[in-house]
Structure formats: C-alpha cells, structure tokens
Amino acid sequence: MDINATLIGEMLSFAILIWFSVQFIWPHINKAIEERQLKIAEGLDAAERARAELRDADSKVAAEIKVARQQAAEIIDRAQQQANQILDKARGDAIAEINRLKASAQDDIASMAQRAREELREKVGALAVQGATKIVQREIDPAAHKALLDQLATEI
Amino acid sequence: MASEPQGGLTEYISHHLHFLQSTHDGDFWSVHIDSITVSLVLGVLFSLWFWLKARKATAGVPGKGQAFVELVLEFVDGQVKDVFHGDRRILGPLALTVFVWVFLMNAMDLLPVDLLPWITQKFGVEHFRAVPTADLSLTFAMSLTVLALVIFYSFKAKGFGGYMHELFTAPFGSSPFLWIPNFLLNLVELLSKPVSLAMRLFGNMYAGELVFMLIAGLFSAGSWALYGMGIIGYTVWGLFHILIISIQAFIFMVLTVVYISMAHDHH
C-alpha cells in the first residue's frame with residue numbers, strides 16, 4: 001500500500017486532533033502541574049523560613065543572655081565598689097571621732113591638772129601663811145604681804 | 001489495500017479488523033501478535049516512564065515530568081482510597097497499572113487508523129490492528145486476571161471455610177435446601193464481573209475503531225465534499241474519543257478496585 005488519500009485525510013484529522021490537544025487539553029494539565037509545583041515550592045519555602053526564624057530567635061536569646069550576664073556582672077562590681085566606699089567612709093569617720101574624743105579627753109585632763117595645780121598652789125600659799133603666822137606669833141597683814149605670798153605661790 | 005476503489009468499504013473494514021495472527025483463523029494457537037506487541041510495548045513504556053520518574057523523585061520542588069506522574073498517582077490513589085479502606089500497597093499500584101496501561105492502549109485508537117498498518121506493510125506485514133483493547137482476547141485476559149485476584153483476596157480475607165460458607169449461605173440463608181441456589185447465584189455474580197469488565201472495554205473500543213473506519217471510508221468516496229466531511233467527521237469523532245478512552249480506562253480501574261475491595265467485605 002502506498003500513501004493514498006485515505007491516509008492523508010486521516011493524518012490531517014490527526015494533526016487537528018494534536019493541535020486541539022495542545023491548545024485546549026494540555027494547558028489544563030500544565031496548569032495543574034504548575035500549581036502543584038508552586039504549592040510544593042511555597043511549602044518548602046515556608047518550612048525554610050520557619051527554620052531560619054527559629055535559628056534567629058535562638059541566636060537572639062543567646063545574645064540577650066550574654067548581655068544580661070554582663071549587666072549582672074557590672075551591677076555586682078558597682079555594688080562591691082559602693083560597699084568599699086561605704087566601709088572606707090565609716091572607717092574615716094570612726095578615726096575622726098576617735099581623734100576628736102581623744103583630743104577632748106586630753107583637754108579635760110589638761111584643764112583638770114591645771115585646776116588641781118592652782119588649788120594646790122593656793123593651799124600651799126595658805127599653809128605657808130599659817131606657818132609663818134605661827135612662827136612670827138603675830139598677825140601678818142595678808143594685804144601687806146600679798147605680793148610676797150603671791151610670789152611664793154608662783155615659785156612653788 | 002482495501003481502501004482502493006476496487007475493494008469497497010466492506011473489504012476495507014474487514015481487512016482492518018483482521019488481526020495479525022501467528023497461524024490461520026479459528027486455530028486455538030492463532031496468537032494475535034499485533035495486540036501482544038502493542039500492549040507489551042505500551043506496558044514497558046509505562047513501566048520505564050514511571051520507574052525513571054520514581055527513581056529520580058525528590059522531596060523538593062518536582063520537575064514537570066515528576067509533577068505529572070505525581071498527579072496521576074495521586075488521582076489513582078485518591079480513587080482507591082475512596083473505595084477501599086485497607087492496606088493499599090498492592091491495590092494502589094495495581095489500579096495505577098490498570099489505569100495507565102488501559103489508557104495508553106485505548107489511546108492507540110486516536111492514531112490514524114491506516115497509519116500503523118501502512119508502516120507495518122512497508123515491512124511486509126499485511127494485517128495490523130493497533131488498538132489492543134479492541135481485541136476481546138486482551139480485555140478478557142485482563143478481566144480474568146482481575147477475577148483471579150478477586151478469588152485470591154476472597155480466600156485471603158475470609159479463609160477457605162469463610163469463603164465457602166459465604167458462597168453457599170449468602171444471600172438467601174443457611175438452610176441446606178438453599179445451598180445450591182445460593183451457590184448458583186454467587187457463581188453468576190462472580191462470573192459476570194470479568195464478562196462485564198471485558199465486554200464493556202472491548203465494546204467501546206471496537207465500536208470506536210469501527211466508526212473511525214466508517215468515516216475513513218469517506219476519504220475514498222471520490223468527491224472533495226465528502227473528503228472534507230471525512231476530515232471534519234474524523235476530527236470530531238477523535239475529539240469525542242479522547243473522552244471515551246479516558247472514561248473507559250477510568251471505569252476499568254475503578255471497577256477492578258471495587259471488585260477486589262468487595263472480595264474483602266464479609267457478608
């Protein structure tokens with residue numbers, strides 16, 4: 001059998017059939033395929049994004065923990081410094097107070113010694129006058145001899 | 001060739017309906033070499049195609065080829081899932097094979113009815129029928145395989161005793177007088193399955209092929225008007241046939257699944 005009109009007619013119809021399929025049937029299948037590809041791609045993207053977000057969150061948490069640790073260390077440092085300062089200040093105050101008390105005590109001691117010395121001097125003066133009176137057997141005019149007595153008192 | 005004027009339409013058609021046989025007509029061993037060749041080639045084509053796509057399948061974004069295979073697979077699996085509520089590891093691939101293979105064999109109907117015979121004639125082969133599913137031998141081969149599977153799964157799901165009990169006591173009752181009627185009815189039901197499967201597919205494809213040949217008769221009718229009508233008719237019937245081959249492949253698959261899933265049901 002050679003190529004005859006029958007086969008050519010059938011081939012023409014077949015060509016139209018193929019054209020129809022390409023034009024009207026294949027696009028539907030292609031659309032379904034592309035939608036499927038898109039859906040899968042989106043799903044994979046979403047999963048990848050979620051993973052990346054998780055990684056980000058993890059590193060952010062780690063960074064924040066690091067910052068918090070640093071801050072805590074700084075706060076502790078500062079607290080220690082403050083404590084030291086307070087201690088120093090208290091020590092200084094205490095020393096100053098001690099010095100002050102010591103000074104006032106010394107003053108007191110000094111003034112009491114002075115007073116004692118003066119009382120002693122007056123008593124010695126009086127005793128000297130009494131002694132001299134007994135020796136001379138007569139009244140010595142304290143006024144006339146005051147200068148003499150004072151001189152005696154200062155010499156003691 | 002019978003399409004030449006001296007043969008006439010009747011001879012043209014009868015020539016086209018002649019199988020390529022290994023021995024002469026009527027002999028039990030007259031194997032239809034054309035049906036076997038085309039169905040084997042298409043079966044191997046389908047297997048290779050899906051195997052290659054399955055081998056290269058990725059979990060990532062599929063290429064267009066993979067996406068297409070996945071679409072077909074998902075469609076078939078969805079159909080099986082609707083009908084059969086069990087382990088789909090055997091029934092799923094079975095349905096996929098039936099669907100794609102029958103579809104491909106049906107699709108041979110869309111090729112110009114003189115194309116393959118013309119090519120084979122160049123190699124000295126006079127008769128060649130391109131559509132294996134328009135061969136009753138092939139459709140019965142498939143449907144009898146389905147019957148074997150139905151019987152196998154009936155035994156597997158119910159056990160020998162259970163299946164025998166069902167054959168002899170359903171649907172009328174378990175009285176011994178009803179054993180024979182029950183069994184006869186079940187036998188008819190069982191045998192009607194492969195017959196209806198095979199005849200439906202064969203009938204549709206055979207009729208489709210015949211209409212193509214009748215329209216092709218217009219090409220050699222000898223007038224340009226008829227020739228134009230022939231092209232229009234052939235195209236329109238071809239477009240309509242796209243629907244038919246898909247539906248027939250789908251029906252064959254769904255009924256296969258339904259029959260096998262019915263074999264799992266207890267009565």
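How many helices and strands are there in chain B? Select chain B and count: eight helices and zero strands. Helices (H or I, at least four residues) and strands (E, at least two) are DSSP runs, numbered from the N terminus. Read along the sequence, the pattern is α-α-α-α-α-α-α-α.

Before moving on, note that this is a predicted model, in which local features need pLDDT of at least 70, side-chain atom pairs count only at pLDDT 80 or more, and totals for chains, interfaces and linings use all residues. Residues are numbered from 1 along each chain as its sequence is written, chains are lettered from A and ligands numbered from 1 in the order in which they are written, and side-chain values use heavy atoms, with hydrogens and water left out.

**Stop 1: chain B as a whole**

Keep chain B selected. Its C-alpha atoms fill a box of roughly 70 × 60 × 35 Å along the principal axes. Chain B has 267 residues, and 43% of them are buried. Buried means under 20% relative accessible area, exposed over 50%, and partly exposed in between (1.4 Å probe, protein chains only).

Now think about contacts, meaning heavy atoms within 4.5 Å. Take the contacts in chain B with a separation of 6 or more: 67% of them join residues 24 or more positions apart.

Next, select B:Asp82, in helix H3 of chain B. Is B:Asp82 buried or exposed? B:Asp82 is exposed, because its relative accessible area is 59%.

**Stop 2: the largest nonpolar core**

A nonpolar core is a set of buried Ala, Val, Leu, Ile, Met, Phe, Trp, Tyr and Cys residues joined through side-chain atoms within 4.5 Å. The largest one here holds 62 residues. Select B:Val76 and B:Val100, the members that touch the most others in this core. Helix H1 (5-136) of chain A gives two or more residues to the core, as do H1 (8-16), H2 (33-55), H3 (64-83), H4 (91-107), H6 (136-169), H7 (179-219) and H8 (224-264) of chain B. Colour H8(B): the largest share, 15 residues, comes from there. In soluble globular proteins, nonpolar side chains tend to be buried together.

Zoom in on B:Val100. Leaving aside neighbours within four places in sequence, B:Val100 is in contact with B:Phe46, B:Phe50 and B:Val72.

**Stop 3: where the chains meet**

Show both chains. In contact are 29 residues of chain A and 34 residues of chain B. The buried area between them is about 2700 Å², and carbon and sulfur atoms give 70% of that. Buried area is the accessible area (1.4 Å probe) that two parts lose on being put together, summed over both.

Pick A:Ser13, in helix H1 of chain A. A:Ser13 counts as buried because its relative accessible area is 1%. Not counting residues up to four places away in sequence, A:Ser13 touches B:Phe219, B:Gly230, B:Ile231, B:Tyr234 and B:Thr235.

**Stop 4: salt bridges across the interface**

A salt bridge is a side-chain nitrogen of Lys or Arg within 4 Å of a carboxyl oxygen of Asp or Glu. Over all chains the count is eleven. Between chain A and chain B it is three.

Select B:Lys64 and A:Glu34: their side chains meet in a salt bridge (2.8 Å, N to O). Then select B:Glu74 and A:Arg36, which meet at 3.0 Å, N to O. B:Glu74 lies in helix H3 of chain B and A:Arg36 in helix H1 of chain A, so this pair joins two chains. B:Glu74 is partly exposed at 47% relative accessibility, whereas A:Arg36 is buried at 14%.

**Stop 5: salt bridges within a chain**

In chain A, select A:Arg91 and A:Asp88, a salt bridge with its closest N and O atoms 3.4 Å apart. Both lie in helix H1 of chain A, three residues apart, about one turn of the helix.

Finish in chain B, with B:Asp77 and B:Arg88. Their closest N and O atoms are 3.1 Å apart in a salt bridge. B:Asp77 is in helix H3 and B:Arg88 in the loop between H3 and H4, so the pair ties together parts that are eleven residues apart in sequence. B:Asp77 is partly exposed at 28% relative accessibility, and B:Arg88 is partly exposed at 26%.
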